[in-house]
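Hello,

Here is the structure I said I would pass on. My notes on it are below the files.

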Amino acid sequence: MSEQPRSKPAKSAKPYRRPKKDPVRMLAFEVLRAVDERDAYANLVLPPLLKKARKDETFQARDAALATELVYGTLRRQGTYDAVIKACIDRPLREVDPPVLDVLSLGAHQLLGTRIPTHAAVSASVELARVVLGDGRAKFVNAVLRKISAHDLEGWLEKVAPPYEDDAEEHLAVYHSHPRWVVSALWDSLGGGRAGIEDLLEADNERPEVTLVARPGRSTAQELLEAVGEDSALPGRWSPYAVRMAEGGEPGALEAVREGRAGVQDEGSQLVAMALAAVPVEGRDERWLDGCAGPGGKAALLAALAAQRGAFLLASEKQPHRARLVERALAGNLGPYQVITADGTRPPWLPGSFDRVLMDVPCSGLGALRRRPEARWRRRPEDLESFAPLQRGLLREALSAVRVGGVVGYATCSPHLAETRVVVEDVLKGRGAGAAPIAAELIDARPYMQEVPALGDGPDVQLWPHLHGTDAMYLALIRRTG
C-alpha cells in the first residue's frame with residue numbers, strides 16, 4: 001500500500017500584540033497635536049503635561065528632558081523634516097494626515113537630530129503610530145522612517161536643499177528650517193553677508209537659557225546665584241539683575257520667584273526696561289506708564305526701578321487675562337503702582353500725563369523664535385500688514401501721553417524693519433492718512449545699554465540672539481519736544 005503524501009501543517013497566525021504606550025513620546029505627540037489643532041504654544045502646553053506626568057514615580061527627570069527635546073527639536077526643525085519626508089513619500093505632503101505627519105516628524109527628529117540609535121528611533125515611532133494611528137498607518141510610518149534612516153542629516157540636506165549659489169534664500173530656509181520669507185526679512189534687517197545670517201538662523205535653532213531677573217529692592221542677582229547654585233547658574237551677560245540657569249532647572253522652585261521678588265525674563269527685555277529708566281528727563285520724574293504691559297515682565301522691572309525713585313507706575317493692558325498676569329507680576333512691589341485694563345489706542349489718561357512711557361507693541365514675534373519655534377510656521381507676511389496700523393497708533397498715543405521733555409521707549413520683539421525703524425520714521429514724520437508730524441526727536445539709545453557690544457550705528461538699538469544671547473528686541477528712545 002503506497003504511502004499517502006502528508007499535508008503541510010497550517011501556518012499559525014501571528015498573535016496580535018497590543019501596542020505599548022511610551023509616556024515620553026505620547027506626551028510629545030500630544031503637545032504637537034495641540035500646537036497644530038489649537039494654535040497653542042508649546043511653552044504653555046508642555047509644562048502642565050510634564051507636571052502631570054511627574055506624578056507617576058516611574059517618570060524620571062531624564063524622561064522630562066527627552067520629552068522637551070522631542071517637542072522643541074521637532075518644532076524647530078519642522079521645515080527641514082518636511083523636506084526630507086516629502087522626498088520619501090509618493091504623494092504631496094499636504095495629503096498626509098496631520099497626526100501621521102506629527103509622528104513622522106517626531107521619528108525624523110529622533111533619527112536625524114538626536115543620538116537615539118536608529119533601530120530604537122524607528123521602533124519607538126512605529127509603536128507610537130500603532131497606539132495613536134492604528135496598525136495600518138503604522139506600516140506607512142515604518143516604511144517612511146526606514147527610508148529616512150538611510151542618510152544622516154547632512155546627507156539629507158545635500159539632497160533636499162538647493163545649492164546656495166543657485167538660490168541662497170531657499171538653501172538657508174531648508175538648511176536652517178525657517179520659512180523663506182522669514183529668512184529674507186531677517187537678512188534685510190541684519191544686513192551683511194552669508195556668515196551673519198547663518199549665525200542668526202543657527203542661534204534661532206538653539207535651546208535658549210532660562211534667564212531670571214532679580215527685581216531691584218526686593219532681590220539681588222547674588223541671592224539668585226546662591227539659590228540656584230554656583231554649578232548651575234551664571235551671571236547675566238549685560239544686566240546686573242540677570243542670572244542664567246545654565247542647567248535649565250525649575251524657576252518656580254526658587255523662593256524668590258515664588259514670592260514675586262524675582263521672575264523669568266529674557267535679558268534683552270531687561271535691557272529695554274533699564275534703558276528707558278536710565279534716560280535723563282527734564283523736570284519731574286514722578287509718573288511712568290507701561291502702555292502694553294502684558295504679561296508683566298517689563299512692568300515688574302519698571303515698577304521696581306520706579307519705586308527706588310519714589311515714582312508711580314501705571315501698567316495698562318487691553319486683554320483682561322493678560323492684565324491679571326500683570327497684577328500677579330507686580331504684586332508686592334515696594335512702590336506705588338496701578339494695573340488697569342485699557343486699550344492703548346483709546347487711552348483713559350489725559351495727554352501729557354507721564355514722564356516716561358514704554359510701549360512694547362504687539363508684533364510678529366520673529367525675535368523670539370528660539371522660545372516659540374512654532375511661530376515661524378504660523379506667521380505669514382500679510383500678518384505684518386495687520387500689525388502696522390496698531391503699532392503706529394500705539395506709538396502716536398505714547399507720544400501724546402508723555403509730557404514735553406519726557407521720553408517714550410518704542411519696543412518690539414521683532415527685528416523686521418516694517419515693525420521697527422519704519423514704524424518710528426512714519427510716526428515721527430507724519431506719514432499716513434490723516435497723520436501729522438510729531439514734535440519729537442530720537443535719542444541715541446546705545447549709551448543706555450553700556451558695555452553691550454555690536455549695537456549698530458544707532459540711534460535705535462537692535463539686539464540679536466547670535467550677537468548678544470538675547471531675544472531680538474528692538475528699542476527706539478524718543479523725547480517729546482513740543
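Predicted model: local features only at pLDDT ≥ 70, side-chain atom pairs only at ≥ 80, totals over all residues.

The protein has 482 residues, and 54% of them count as buried. Its secondary structure comes to 20 helices and twelve strands. Along the principal axes, the C-alpha atoms fill a box of roughly 125 × 50 × 40 Å. The accessible surface is about 22700 Å², with 50% of that area belonging to carbon and sulfur atoms. Among contacts with a separation of 6 or more, 72% are between residues 24 or more positions apart.

The largest nonpolar core holds 55 residues. Inside this core, L27, V31, L112, V141 and I148 have the most contacts. The elements that each supply two or more residues to the core are α1 (23-38), α2 (42-53), α3 (61-76), α4 (78-87), α5 (98-113), α6 (118-132), α7 (135-148) and α8 (153-160). There is also a second, separate core of 42 residues, which includes A273, V281, A300 and L330.

I looked at α7 in more detail. This helix has 14 residues and reaches 20 Å from its first C-alpha to its last, close to the 20 Å expected at 1.5 Å a residue. Its buried residues are A138, V141, V144, L145 and I148. Viewed down the axis of α7, the buried residues fall within an arc of 125°, so they line one face of the helix. G136, K139 and R146 are exposed on the other side of α7. The cover over the buried residues of α7 includes α4, α5, α6 and α8. Leaving aside residues up to four places away in sequence, V141 touches V100, V103, L104, S125, A129 and L133.

The other element I followed is strand β9 (residues 402-412). β9 is mostly covered, with ten of its eleven residues buried. What does β9 pair with, and in which sense? With strand β8 (residues 354-360), the pairing is parallel and runs over six bridges; here F354 stands opposite V402 of β9. With strand β12 (residues 474-480), β9 runs antiparallel, and six bridges join the two. In that pairing Y410 stands opposite A476 of β12.

That is what I have so far.

Regards

Methods: Residues numbered from 1 in each chain as written. Heavy atoms only, no water. Core = buried A, V, L, I, M, F, W, Y, C linked by side-chain atoms within 4.5 Å. Buried < 20%, exposed > 50% of the residue type's maximum accessible area, 1.4 Å probe, protein only. Helix = DSSP H or I, 4+ residues; strand = E, 2+ residues; numbered from the N terminus. Contact = heavy atoms within 4.5 Å. Pairing = 2+ DSSP bridges. Expected span 1.5 Å × (residues − 1). Arc of directions from axis to C-beta. Areas by Shrake-Rupley, 256 points an atom, 1.4 Å probe, with all protein chains shown as cover.
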